Amino acid sequence: MTIFQKRPWELPERDVTPEAVFLNRRSFMTGLLATGTALGAGIAARSAFAEEDPSAQLYPVKRNDGFQVDDRPMTEEGIASTYNNFYEFGSHKQIADAAQALSIRPWTVTIDGEVEEAQTIDIDGLLAKMPLEERIYRHRCVEAWSMVVPWSGFPLAELVKLSKPTSKAKYLRFETFHNPKVASGQKQSWYPWPYVEGLTIEEATNDLAFMATGVYGKPLAKQFGAPLRLAVPWKYGFKSIKSIVRISFTSERPVSFWEEIQGKEYGFWANVNPSVPHRRWSQASERLLGTDLRRNTLLFNGYEEQVAHLYKGMEGELLYM
Ligand SMILES: Nc1nc2c(c(=O)[nH]1)N[C@H]1C(S)=C(S)[C@@H](COP(=O)(O)O)O[C@H]1N2
Ligand SMILES: [Mo]
């Protein structure tokens, strides 16, 4: 298979041009035909891994009807779980099989920085403590595709409470695992690994900010960012950092992975706004993953009512990139 090694920030572009979408699909189909057996093996391996997940018996969890999407259909699991962005496993969308190499037990999350006391929490201990629920969220990638996903997990605000931040804590800095031995993308030294993202403490304690631990009524499959990923649906998808190992409370605004690579295109705020184009393409509409439908993109991805107040008086900031 030919994989063109472009500079990372050029890659998304092929997804926003119709020709590129066609080419992508065709190469995906060709790839499927060519690797039929390997893919079959991958699916078998995936379900074996799923059975080993010690949190499997926690799911499905009760749906919170306060978080529904009624303007578009839910994305099929088979689509959402085979078209992913997870650069640790490759700068293309078909990373699901490669991601199975990630070991998700034991898994700990370290909480440090501006907190009363730093702590390292075991994921299963955390899951036992947190109020798990299911929420259906929109997800809008900066590359102008989108999906609707039923996440399971708990409000990030609960984890903030557990962390006991000091009065100096203004931001949360999230970090993904770093292990080039299993994640071959992390051997590519031009990326500033590990993947980092950040939120203000006001954003993190907003009701919509969610820590996903499951999806489609099961523990998160690895390609979704098992065992713990962020879901901040009013922001472009790259803010929703996967496979988190560390959360630091800081007084200074953290620099996120994409911001460090290409700050002119990917900023800290990254709130969805159809009328503010990316420097290289329009953000006015989006392709619904797994369909040929396009929809007009919504301000704050349809969550304006819940989050617009967070940005009052910040007109000077680059809120929408
Ligand atoms: N660690 C890490 N987190 C990540 C990414 C990544 O490459 N690495 N990609 C982001 C991007 S651009 C998107 S759109 C979503 C994709 O999530 P999905 O694959 O579950 O659809 O994950 C985000 N979180
Ligand atoms: Mo994305």
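How many bridges join strand S5 (residues 171–176) to S10, and in which sense do the two run? Six of them, and the strands run antiparallel. The legends below take that pairing and several other close-ups in turn. The model is predicted, so local features need pLDDT of at least 70 and side-chain atom pairs count only at pLDDT 80 or more, while totals for chains, interfaces and linings use all residues. Residues are numbered from 1 along each chain as its sequence is written, chains are lettered from A and ligands numbered from 1 in the order in which they are written, and side-chain values use heavy atoms, with hydrogens and water left out.

**View 1. The whole chain.** Nine helices and twelve strands make up the secondary structure of the chain; helices (H or I, at least four residues) and strands (E, at least two) are DSSP runs, numbered from the N terminus. Of the 321 residues, 53% count as buried, where buried means under 20% relative accessible area, exposed over 50% and partly exposed in between (1.4 Å probe, protein chains only). Take the contacts with a separation of 6 or more: 73% of them come from residues 24 or more positions apart, a contact being heavy atoms within 4.5 Å. The accessible surface is about 14500 Å², with 55% of it on carbon and sulfur atoms; areas come from the Shrake-Rupley method with a 1.4 Å probe, and for residues only the protein chains shown count as cover.

**View 2. An open sheet of five strands.** The order is S2-S1-S10-S5-S6, with mixed pairing; two strands pair if DSSP finds at least two bridges between them. Strands S2 (119–122) and S6 (196–200) sit at the edges with a single partner strand each, so one side of each has no neighbour in the sheet. On average, neighbouring strands here are turned by 20 degrees against each other, direction ignored (axes are lines fitted to C-alpha atoms, for helices over the stretch in contact, and angles run from 0 to 180 degrees between N-to-C directions).

**View 3. Ile-111 and its bridge partners.** Strand S1 (residues 108–113) pairs with S2 in the antiparallel sense over four bridges, while the four bridges between S1 and S10 belong to a parallel pair. Ile-111 has Gln-119 as its bridge partner in S2 and Ile-247 as its bridge partner in S10.

**View 4. Strand S10 and its end at Thr-250.** Five of the seven residues of S10 are buried, so the rest of the structure largely encloses this strand. Across from Arg-246 in S10 stands Glu-175. Thr-250 belongs to S10 (residues 244–250) and is buried, at 17% relative accessibility. A polar atom of the Thr-250 side chain lies 2.7 Å from the backbone oxygen of Glu-252. Leaving aside neighbours within four places in sequence, Thr-250 is in contact with several residues, including Glu-114, Lys-168 and Tyr-171.

**View 5. Around ligand 1.** Which residues come nearest to ligand 1, of the 18 around it? They are Asn-84, Tyr-87, Glu-88, Ser-240 and Lys-242, where near means a heavy atom within 4 Å. Oxygen atoms of ligand 1 lie 2.9 Å from a polar side-chain atom of Asn-84, 3.2 Å from a backbone N or O atom of Asn-85 and 2.7 Å from a backbone N or O atom of Tyr-87. Taken alone, ligand 1 exposes 530 Å², and the protein buries 99% of that.

**View 6. Lys-93 and Asn-85.** The loop between helix H3 (77–80) and helix H4 (96–99) holds Lys-93, which is buried at a relative accessible area of 5%. Its side chain joins that of Asn-85 through a polar contact of 2.9 Å (a pair of N or O atoms within 3.5 Å; within protein, one must be able to donate a hydrogen and the other to accept it, and residues adjacent in sequence count only if both atoms are side-chain atoms).

**View 7. Pro-131 in its loop.** Pro-131 sits between helix H5 (123–129) and strand S3 (133–140) and is partly exposed, at 38% relative accessibility. Its C-alpha atom is 7.7 Å from that of Gly-153, 22 residues apart along the chain. Beyond residues up to four places away in sequence, Pro-131 touches Gly-153, Phe-154, Pro-155 and Glu-158.

View 8. Cis peptide bonds join Tyr-59 to Pro-60, with omega about -5 degrees, and Trp-193 to Pro-194, with omega about -5 degrees. Pro-194 lies in the loop between S5 and S6. Ala-144 is not a glycine, but its phi is positive, near 75 degrees; this residue is buried, with a relative accessible area of 5%.
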